[in-house]
Amino acid sequence: MECSAGEFKHRAAQKLGDVKLQAALRRLQDKFVDGRAAALAELDGFDSLADAAAAVRERALADLDGYLLRFEREAIARGAHVHWAETGADANRIVVEIAAAHGVRTAAKSKSMVSEECGLNHALEQAGIRVTETDLGEYILQLAQEPPSHIVAPVVHKSKEEISELFHEKHHTPRKTDIAELCREAREVLRPAFLGADMGISGANFLVAETGSAVIVTNEGNGRLVTTLPRVHVVITGIEKVVPTLEDLATLLRLLPRSATGQAITNYVSLLTGAKGERDPDGPEQMHVILLDNGRSRLLGDELQSILRCIRCGACMNHCPVYQNVGGHAYGWVYPGPMGSVLTPAYQGLENALDLPHACTMCGACGAVCPVRIPLPDLLRRLRERQTERGLRPWRERLALRLWAWTAKRATLYAVGTRAAAWLLARAGGKDRLLHRLPGAAGWSAGRDMPAPPGRTFRDLYRERGRR
Amino acid sequence: MRVGLFVTCLVDLMRPSIGFSALKLLEHAGCRVVVPETQTCCGQPAYNAGDAKAVRGLALKFMEEFAGCDYVVAPSGSCAGMIRTHYPDLFRAEPEILAELEPLCRRTYELTDFLVSVMKLERVPGRFSGSLTYHDSCSGLRELGISRQPRALLAKMPGVRLVEMRESTTCCGFGGTFSLKFGDISARMADHKCDHGEATGADALAGGDLGCLLNIEGRLRRRGNHTTRVLHIAELLAGEEGQD
Ligand code: SF4
């Protein structure tokens, strides 16, 4: 997917004015934030579980190559093929080659953010393969030709009415407003796509090294159909998704659905292990697993490494007050919200996402809810520091900060400066003692007044008191 | 007990009454308070802007100024959080500095936390009477665990009726330079805070961080609300609200 994170500011402004989106974001917040809280309340000890989950992920990352090789061995032993892709383009090429080798004309896909990262659908269409997204949300987005705006609820930005209109237009069917009816209509359109597909493509929430399994955690039945009905099943996922054992998987599964949607467990948890065996009644004849790097290995041993623990639950964005007000599309790449503001610059280049690490009040809500204890605010701050180190901040900002820091270290000078500022601001306050305009701080005064100070600094008043 | 008052740059410039209220409360609690005159700012704006280097000098300056204190107290969770949780990170590779700095950072408290957890304050001088709603500022809440302390102190004021607002722990949108860089997003966040605060019908909205309070008050006034008072917890507890 093309990265347009550089337009964050402009996009965010648009999104703030989008009334329908604002209503949709409110609903998301009510559902997921409250849902998570309720689901975790049932569980005693989120803290200890999150510590355990973080430890599982760190253990996997500490010996990532070892676990990946183990995964490869076990998967091959169970009849799967394993491919290594360095970039998104490599992954796409591998899928197209597999398709060509098996005479694939049509593919059915279940939800995969990694395939969004690669722009896989586009590559397949270029190769003459018809792809159908079968996750309801992703299907809607495919019809609307839009990218997802949330990693768990990709179509959260759309209202029921918009979806009704879209179905009416694309399916040439009468308008429906009932959600159940809309779902039924989608199911009817999608069924032939499953049944006729030569290839099923899925992502993986986890890879289990000890068994060579790919794990998918879903709520719609489509994931099962995509991974078992077509002759060829291709899993495309990031190298960081591996966990050592089934036991480790169980730890993470206690947290993932609770953090994501507030469910104790999702409707389906599928462990896909190898191709169809002789005694299996069903399953794909071929199973391929593509392990994508695409910048991930660069983060190993880096100060940002902990972001690789991410299990894509979406809790950080659900709780982020910036995401809650601008939605996922403002972020301009595959991953939005706090985790996206770390991943986008990490994978797409610091200079291509200058605003993202700054589009955060450092409120800490994301870090507090992350089930694998990723210190998201610290990582964002680290990215800000890198921008400074690499000279990517505007010179005015640098100059202002430097000047301020220089003054703050000189108490006498600082006292003179603040004395003057206090006096000036107090005078400017007028009768209502509010500053309606702040020169040089238009960002503030466009939407707010500034309560004026009384005119004398604490320092001066305190000294005077001492003399009295 | 010798307690150093870290006034904070914002209080020094924008609302000195908060500093005097903090002073009064600490003295009322029986502390011997010193106010180092050369103090300026904790450096958080630069730290969060990605210039950790610029903050090192300020951290060393802080260390010198407050060296002889048993405790350091600030009427701000944000500044206390900066000192307590982030200062030591600036000197991880310098054990000699760390050996002196870290204990001082550990003894640095946000005002209400200090009054409740260390001083176990029984009575407060404040006399505010009316309904109040409380905004939990982010750094204090998530870095220092400040939530029940201010409420416990308010509960000691018989005239106060606390009415909790929805989402009291959601960020008000201030975020220091965030409010300048992303003014429109910031103002929208402040809007939600104003909505929730107004919905309680409380006479006043209170909080423990002046930055947030200026942001919320600024938005309230711009929206045309000139009646809801916006007060710092120190002013309320000290009975100094409405004084400059
Ligand atoms: S960063 Fe943490 S909270 Fe955010 S999606 Fe990843 S695991 Fe979930």
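This is a predicted model: local features need pLDDT of at least 70, side-chain atom pairs count only at pLDDT 80 or more; totals for chains, interfaces and linings use all residues.

Me: How many residues does the contact take from chain B and from chain A?

Reply: It takes 63 residues from chain B and 66 residues from chain A. To be counted, a residue needs heavy atoms within 4.5 Å of the other side.

Me: What makes Asp12(B) and Arg459(A) a salt bridge?

Reply: Their side chains come to 3.2 Å, N to O. The cut-off is 4 Å between a side-chain nitrogen of Lys or Arg and a carboxyl oxygen of Asp or Glu, so a pair of Arg and Asp at 3.2 Å qualifies. The count between chain B and chain A is 7 salt bridges, and 29 residue pairs are in polar contact across that interface, both partners at pLDDT 80 or more.

Me: Which elements of chain B give two or more residues to the side that touches chain A?

Reply: Among them are helix H1 (9-14), helix H2 (16-28), helix H8 (138-144) and helix H12 (210-222) of chain B. H11(B) gives the most, with 9 residues. By class, this side of chain B has 27 nonpolar, 20 polar and 16 charged residues.

Me: Into which domains is chain B divided?

Reply: The assignment gives domain 1 (2-118) and domain 2 (130-238). Their C-alpha centres lie 22 Å apart, and the contact takes 28 residues from domain 1 and 23 residues from domain 2 of chain B. The two domains bury about 2000 Å² between them, 65% of it on carbon and sulfur atoms.

Me: Which three residues supply 26% of the area that domain 1 of chain B buries against domain 2 of chain B?

Reply: Arg15(B), Thr112(B) and Val116(B), more than any other three residues. Arg15(B) also meets Glu235(B).

Me: How do you know that Glu235(B) and Arg15(B) meet in a salt bridge?

Reply: The gap is 3.3 Å, N to O. The cut-off is 4 Å, so this Glu and Arg pair passes. The count between the two domains of chain B is 2 salt bridges, along with 11 residue pairs in polar contact, both partners at pLDDT 80 or more. On the domain 1 side, the elements giving two or more residues include helix H5 (77-86) and helix H7 (111-118) of chain B, and H5(B) gives the most, with 8 residues.

**Chain A and the ligand**

Me: What makes up the shell around the ligand, by class?

Reply: It has 10 nonpolar, 1 polar and 1 charged residues. Cys counts as nonpolar, Gly as polar and Arg as charged, so Cys310(A), Gly314(A) and Arg312(A), which are among the residues around the ligand, go one into each class.

Me: And where do the domains of chain A run?

Reply: Domain 1 is 1-42 + 314-393, domain 2 is 47-297 and domain 3 is 395-467. The C-alpha centres of domain 1 and domain 3 of chain A lie 31 Å apart.

Key:
Residues are numbered from 1 along each chain as its sequence is written. Chains are lettered from A and ligands numbered from 1 in the order in which they are written. Side-chain values use heavy atoms; hydrogens and water are left out. A polar contact is a pair of N or O atoms within 3.5 Å; within protein, one must be able to donate a hydrogen and the other to accept it, and residues adjacent in sequence count only if both atoms are side-chain atoms. Helices (H or I, at least four residues) and strands (E, at least two) are DSSP runs, numbered from the N terminus. A residue is near a molecule or strand if one of its heavy atoms lies within 4 Å of it. Domain bounds come from an automatic or database domain assignment. Buried area is the accessible area (1.4 Å probe) that two parts lose on being put together, summed over both.
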